[in-house]
Amino acid sequence: LSKWMAPNFAPTTVEGADKASRDAVEADIKSLFNRIVWLDMLDMAPLPAAANLFSAILVRVEEAVNRLPQLAALETSRSYLEAPEVYDAPIEKLRRLQTDVAVSWEGNLRERRAALEASAFAAEVRRVEYVRLKLNARLAEVLDGLASEFSRRVGRDADLLFVLPIDDFDLNPPRCLELLELLRTLSV
């Protein structure tokens, strides 16, 4: 069975299940089947204390997108005479978001505070907060861009649903609490 083909359903033996409801469930599952993109598992037990959870999720998104045959060739070579569309490619937006997340969530601004003059420090604080303020909207833009690029290449409307499996959620309570706070912050 190809991983891009919807599964076949055997007749149900559940009493009281009518054909219409079974067909509706089958149609729903088939419509979801080609839309789900499984991200690599985030294992909370061995996760180092210094790991940036948002960066870990974004790297998993990039890895999953690179595994999709329809999106594997997002980065194509182009000549210098072509328009600079690559800068607006969804994968490039994802990489810029990864960089901004690393800078705004794991920056060394506190350590550099004493070495910066007051106006430079204030500018850095504003920049970091501006990036943080826009993270949710930018993540939505990146995921929507990847989904629309996938739909365009497949030739049909197929909004992608990114699924992040999390293992050992209960074995690292402080990091799991941090993950819950991150998920609350990111409503996408």
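The expected span of a helix is taken as 1.5 Å times one less than its number of residues. In this predicted model, helix α2 covers residues 53-67 and has 15 residues, and the distance from its first C-alpha to its last is 21 Å, close to the 21 Å expected at 1.5 Å a residue. Because 11 of the 15 residues of α2 are buried, the helix is largely enclosed by the rest of the structure. Among these buried residues are Leu53, Phe54, Ile57, Leu58, Val61 and Val65, and they also include Arg60 and Glu62.

The loop between β2 (42-43) and α2 contains Asn52, which counts as buried at 12% relative accessibility. At the start of α2, a side-chain oxygen of Asn52 reaches to within 3.0 Å of the backbone nitrogen of Phe54, a residue that is itself buried.

Although 123 residues separate Asn52 and Arg175 along the chain, their C-alpha atoms are 10.0 Å apart. Arg175 has a relative accessible area of 6%, and because buried means under 20%, Arg175 is counted as buried. Leaving aside residues up to four places away in sequence, Arg175 touches Met44, Leu47, Pro48, Ala49, Ala50, Ala51 and Leu53. For Ala51 there is also a polar contact, in which its backbone oxygen lies 2.5 Å from a polar atom of the side chain of Arg175. Leu53, another residue touched by Arg175, belongs to the buried part of α2.

Key:
Residues are numbered from 1 along each chain as its sequence is written. This is a predicted model: local features need pLDDT of at least 70, side-chain atom pairs count only at pLDDT 80 or more; totals for chains, interfaces and linings use all residues. Side-chain values use heavy atoms; hydrogens and water are left out. Buried means under 20% relative accessible area, exposed over 50%, partly exposed in between (1.4 Å probe, protein chains only). A polar contact is a pair of N or O atoms within 3.5 Å; within protein, one must be able to donate a hydrogen and the other to accept it, and residues adjacent in sequence count only if both atoms are side-chain atoms. Contact means heavy atoms within 4.5 Å. Helices (H or I, at least four residues) and strands (E, at least two) are DSSP runs, numbered from the N terminus.
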